[in-house]
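Reader: I like to see the criteria behind the labels. Could you take me through them?
Author: Gladly; here is what we will be looking at.

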Amino acid sequence: CGEGVLKPFCDLLAAKDDKTVGVVLDGIANILTTAEKLNETDKVAMMVEECGGLDKIEQLQSHENEQIYHKALQIIETFFPDGDQVDEEIAPKAGETGFEFSAAESSVPQSGFNF
C-alpha cells in the first residue's frame with residue numbers, strides 16, 4: 001500500500017456521504033481500468049486489497065443506496081473475479097471416510113527438513 005494516495009482514497013469508502021462514496025468508487029474503477037490498459041491490473045488490484053479497499057468495497061455491496069451497490073458489484077466482478085474460487089490443488093478432497101489432505105510432491109525436500 002505504501003505512502004501513496006490509494007490508502008487514504010480507499011479509507012474514504014467508509015464516509016457517511018453517499019455522494020463521496022460514489023465518487024471514490026468511480027475513482028477506484030477508473031484507476032483499475034487504467035491499470036488494465038497498462039497490463040498492471042493484478043498489481044493495482046493487490047494494492048487496493050492490501051489497503052483494505054477490497055473489504056470496504058465488498059461491504060458496500062449491502063449498501064442501502066442502489067447506485068453504490070451496483071458500482072461496488074461492478075468493481076468486484078470486473079477486477080476481483082476469483083475471490084470465491086477454490087484452488088483445487090490445495091483444497092481437501094472429499095473421500096469416503098472424510099476429507100483427504102495432500103501436499104504437492106515438491107513441497108518436502110528429499111533430504112528432509114533440518115532444524
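Reader: Where is Thr41 found?
Author: Thr41 is found in helix H3, residues 41-50; helices are DSSP runs of H or I of at least four residues, strands are runs of E of at least two, and both are numbered from the N terminus. This is a predicted model, in which local features need pLDDT of at least 70 and side-chain atom pairs count only at pLDDT 80 or more, while totals for chains, interfaces and linings use all residues. Residues are numbered from 1 along each chain as its sequence is written, and side-chain values use heavy atoms, with hydrogens and water left out.

Reader: Why is Thr41 called buried?
Author: Buried means under 20% relative accessible area, exposed over 50%, and partly exposed in between, with a 1.4 Å probe and protein chains only. Thr41 has 17% relative accessibility, so Thr41 counts as buried.

Reader: What lies 3.4 Å from a polar atom of the side chain of Thr41?
Author: That is the backbone nitrogen of Glu36. Leaving aside neighbours within four places in sequence, Thr41 is also in contact (heavy atoms within 4.5 Å) with residues including Leu32 and Phe79.

Reader: And what makes Leu32 buried?
Author: Its relative accessibility is 0%, so Leu32 counts as buried. Leu32 is found in helix H2, residues 18-37, and among the residues that Leu32 touches, beyond four places in sequence, are Val44, Ala45 and Ile75.

Reader: Why are H2 and H3 called roughly antiparallel?
Author: Their angle is about 150° and their axes are 8 Å apart. Axes are lines fitted to C-alpha atoms, for helices over the stretch in contact, and angles run from 0 to 180 degrees between N-to-C directions. Under 35 degrees counts as roughly parallel, over 145 as roughly antiparallel, 65 to 115 as roughly perpendicular, and the rest as oblique. H2 and H3 are therefore roughly antiparallel. Where they meet, H2 brings Ile31, Leu32, Ala35 and Glu36, and H3 brings Thr41, Val44 and Ala45.

Reader: How many disulfides does a search of the whole structure find?
Author: The search finds 0. For Cys10, the nearest cysteine sulfur is that of Cys51, 5.3 Å away, whereas a disulfide is a pair of cysteine sulfur atoms within 2.5 Å. Cys10 is therefore in no disulfide.

Reader: Where is confidence highest, and where is it lowest?
Author: On pLDDT, the predictor's confidence in each residue from 0 to 100, H2 is highest at a mean of 96, and strand E1, residues 93-95, is lowest at 61. Where pLDDT is low, the predicted coordinates should not be read in detail.

Technical notes
A polar contact is a pair of N or O atoms within 3.5 Å; within protein, one must be able to donate a hydrogen and the other to accept it, and residues adjacent in sequence count only if both atoms are side-chain atoms.
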